[in-house]
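Dear colleague,

I am handing over the structure below, together with notes on what was found in it. Please read the notes with the coordinates open beside them.

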Amino acid sequence: CFFVFFFNDTATTEIYTLSLHDALPISVDTGYDLPIGKKDSPAVYAGGKFYIFGGYYSTTSPTYLDEIIEFDSSTGQATSSGYTLPVQLSGSSGAFNGGSDIYIFGGYNNTNSKFSDNIFGYSLPNTAPSVDSVSLNGGSNIVLTENSTTLISATGTVSDTNGYSDITSVQGR
């Protein structure tokens with residue numbers, strides 16, 4: 001199952017989910033909405049969230065956008081990231097490099113009314129790493145003996161949603 005952001009002929013706020021495991025994939029309205037109706041916006045999944053860049057909406061004449069929206073599918077919340085693109089941009093493409101950067105390619109730049117040959121970069125906000133699945137001594141009882149040293153093992157999984165390159169060490173105390 002993945003999320004689909006429909007930016008078609010009509011600017012919309014609806015967010016749909018689509019399951020490719022069904023014989024005939026069907027999109028279903030999630031009930032989640034974007035803060036504003038928009039179309040022609042790239043959406044990229046990175047760091048546990050979707051990021052939606054620019055686009056436009058129209059009531060009588062197009063209003064182009066430079067906003068960056070974050071959508072957390074675990075909570076259904078779509079909010080402003082607090083950051084913007086350097087220009088108003090629609091119809092561009094986006095990709096995540098697997099580390100901490102998203103790139104936005106081309107599109108229509110309404111700032112100077114031409115198609116853009118720019119590549120814009122957006123770095124994911126730095127988040128603290130998390131530690132999960134901690135186990136001491138493989139789940140077995142720890143037996144201590146007076147005046148001796150007892151070795152035990154500690155295991156766990158350290159994750160960092162915006163890339164692991166800033167994790168330099170892990171300590172257990």
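In what follows, a residue is called buried when its relative accessible area is under 20%, exposed when it is over 50%, and partly exposed in between. By that cut-off Tyr64, at 17% relative accessibility, counts as buried. Please keep in mind throughout that this is a predicted model.

Tyr32 is partly exposed, with a relative accessibility of 26%, whereas Phe71 is buried, with a relative accessible area of 0%. The rings of Tyr64 and Tyr108 are likewise a pair, and because their planes stand at 50 degrees, with the centres 5.7 Å apart, this pair is tilted. Here too distant parts of the chain are linked, since Tyr64 belongs to strand S7 (residues 62–64) and Tyr108 to strand S13 (residues 108–109), 44 residues apart. Tyr108 is partly exposed, at a relative accessible area of 22%. Ring pairs also join Tyr32, Tyr45, Phe50 and Phe71 into a cluster.

An open sheet of four strands, paired antiparallel, has the order S4-S5-S8-S9. Its edge strands are S4 and strand S9 (77–84), each of which pairs on one side only. On average, and with direction ignored, neighbouring strands of this sheet are turned by 30 degrees against each other. Strand S4 (residues 43–46) has a covered face made of Val44 and Ala46, and an uncovered face made of Ala43 and Tyr45. S4 runs antiparallel to strand S5 (residues 49–53), and four bridges join the two; within S5, Phe50 is the bridge partner of Tyr45, while Tyr51 is that of Val44. The two strands form a hairpin with two residues between them, and Gly47 in the turn has a positive phi of about 60 degrees.

A second open sheet has three strands in the order S11-S12-S15, again with antiparallel pairing. Strand S11 (93–96) and strand S15 (119–123) stand at its edges with a single partner strand each, so one side of each has no neighbour in the sheet. The twist from one strand to the next averages 20 degrees. Four bridges hold S11 against strand S12 (residues 101–105), the two running antiparallel, and Ser93 stands opposite Phe105 in S12.

Two backbone angles may deserve a look. Asp40, in the loop between strand S3 (27–38) and S4, has a positive phi near 55 degrees although it is a residue other than glycine; Asp40 is partly exposed, at a relative accessible area of 30%. Ser133, in strand S16, is not a glycine either, and its phi is positive at about 55 degrees; Ser133 is exposed, with a relative accessible area of 60%.

The last item concerns the surface. Val131, Val134, Val158 and Val170 make a nonpolar surface patch of about 350 Å². Val131 lies in strand S16 (residues 130–136) and counts as exposed, because its relative accessibility is 52%.

Definitions and conventions:
Residues numbered from 1 in each chain as written. Predicted model: local features only at pLDDT ≥ 70, side-chain atom pairs only at ≥ 80, totals over all residues. Heavy atoms only, no water. Patch = residues over 30% accessible without salt bridge, like charges linked within 9 Å, V, L, I, M, F, W, Y side chains within 5 Å. Areas by Shrake-Rupley, 256 points an atom, 1.4 Å probe, with all protein chains shown as cover. Salt bridge = Lys/Arg side-chain N within 4 Å of Asp/Glu carboxyl O. Buried < 20%, exposed > 50% of the residue type's maximum accessible area, 1.4 Å probe, protein only. Pairing = 2+ DSSP bridges. Axes fitted to C-alpha atoms, helices over the stretch in contact; angles between N-to-C directions. Phe/Tyr/Trp six-rings, centres within 6.5 Å; stacked < 30°, edge-to-face > 60°.
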